[in-house]
Amino acid sequence: MRQLTRFTTGALLALALLVNPRGADALTFTTIDVPGATATFASKINAAGQIVGGFTDASGNDHGFVLDNGTYITIDFPGGIATGAFGINAAGQIVGIYIDPAAVTHGFLLEHGHFTAIDFPGSTSTEAFDINARGEIVGRFNDASGTVHGFLLSKSTFASIDPPGPGYSQAIGINAHGQIVGGFEPPGHHGFIFDNDAFALVDFPGGLATDALGIDAAGRIVGRYVDAGSVFQGFLMHQAGFVTIAPPGSTFTEAIGINASGDIVGDYIDASGTLHGFLATQ
């Protein structure tokens with residue numbers, strides 16, 4: 001029914017960029033908290049400013065949400081015991097994950113109020129993380145041996161996304177041109193961009209580990225890195241270099257999505273240990 005392709009060709013190249021702290025102080029941070037939630041994360045943002053993510057309610061149940069013009073709309077896969085929304089495109093199509101009553105994780109697509117499950121053939125679990133304007137979906141899956149791979153779903157065809165070498169990989173973001181970002185290991189833990197059948201490393205200079213989590217049409221990349229003090233920080237990578245993204249008072253940050261206007265969403269943990277979503281604008 002679906003052709004299975006494995007991308008393992010292409011050069012693995014390092015992106016040589018410098019840290020550029022300019023611009024970090026120019027960001028304005030807005031906290032995103034679903035009313036009544038004990039924890040909230042924001043994952044992606046589209047050109048219209050619609051934001052998707054997930055939250056934990058007072059009873060400890062996990063739900064997805066879309067934030068549209070100041071209104072939170074809860075997303076729950078029918079029959080699922082937990083749901084999270086992770087990607088949204090300009091048409092308002094949403095992808096994410098749900099857990100079924102047997103505790104198996106699946107991806108999903110939500111469009112026009114209709115849910116469709118997404119499962120990589122032969123996988124034991126599947127998670128969908130982003131969708132672009134062409135309806136191409138990226139995520140990750142576990143194979144029968146327990147190894148985690150990234151994937152691309154395009155026109156009903158699945159392809160695994162694996163940088164050269166053995167080990168774990170995940171595809172987290174995709175833009176309108178089909179450029180894909182994610183992370184992999186070993187050796188080490190690196191971010192990557194996959195473009196025109198070639199992989200390139202995305203490593204925050206001096207970071208102990210890096211994940212690339214989102215990419216816009218202009219090629220700007222957001223993600224997270226582990227600094228010298230073993231603290232997770234968010235980052236933005238553009239032509240001038242890397243910028244650290246960390247809401248004031250945060251002890252953990254990851255920047256996950258960026259839209260064409262340069263608006264960035266993600267999540268952070270405050271000094272009390274509570275998880276919040278955030279929107280960063282210039």
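**Pockets and aromatic pairs in a predicted model**

By class, twelve nonpolar, eight polar and seven charged residues make up the lining of the largest pocket. The structure is a predicted model.

**Largest pocket**

- The lining of the largest pocket consists of 27 residues. Those nearest its centre are Phe41, Phe86, Phe129, Glu254 and Asp267.
- Eight strands are listed as giving two or more residues to this lining: E4 (39–45), E5 (51–56), E6 (62–68), E8 (82–88), E9 (94–99), E12 (125–131), E16 (168–174) and E24 (252–258).
- Strand E4 provides the largest share of the lining of the largest pocket, with five residues.

**Second largest pocket**

- A total of 22 residues line the second largest pocket. Ile45, Ile174, Ile215, Ile258 and Asn259 are the closest to its centre.
- At least two residues of this lining come from each of E4, E12, strand E20 (209–215) and E24.
- By class, the lining of the second largest pocket divides into twelve nonpolar, seven polar and three charged residues.

**Aromatic pairs**

- The count of aromatic pairs in the model comes to 20.
- One of them joins Phe108 and Phe115 in an edge-to-face arrangement, at 5.5 Å centre to centre and with 65 degrees between the planes. Phe108 and Phe115 are both buried.
- Phe184 and Phe192 form a tilted aromatic pair, with 6.4 Å centre to centre and 55 degrees between the planes.
- Phe184 counts as buried because its relative accessible area is 5%, which lies under the 20% cut-off. Phe192 is likewise buried, because its relative accessible area is 0%.
- Ring pairs link Phe77, Tyr98, Phe108 and Phe115 into a cluster. The edge-to-face pair of Phe108 and Phe115 described above therefore involves two members of this cluster, as rings pair if their centres lie within 6.5 Å.

Methods. Residues numbered from 1 in each chain as written. Predicted model: local features only at pLDDT ≥ 70, side-chain atom pairs only at ≥ 80, totals over all residues. Heavy atoms only, no water. 1 Å grid on protein atoms, 1.4 Å probe; cavity = no way out; pocket = protein on both sides within 12 Å on 5 of 7 lines; lining within 4 Å. Helix = DSSP H or I, 4+ residues; strand = E, 2+ residues; numbered from the N terminus. Nonpolar A, V, L, I, M, F, W, Y, C, P; charged D, E, K, R; others polar. Phe/Tyr/Trp six-rings, centres within 6.5 Å; stacked < 30°, edge-to-face > 60°. Buried < 20%, exposed > 50% of the residue type's maximum accessible area, 1.4 Å probe, protein only.
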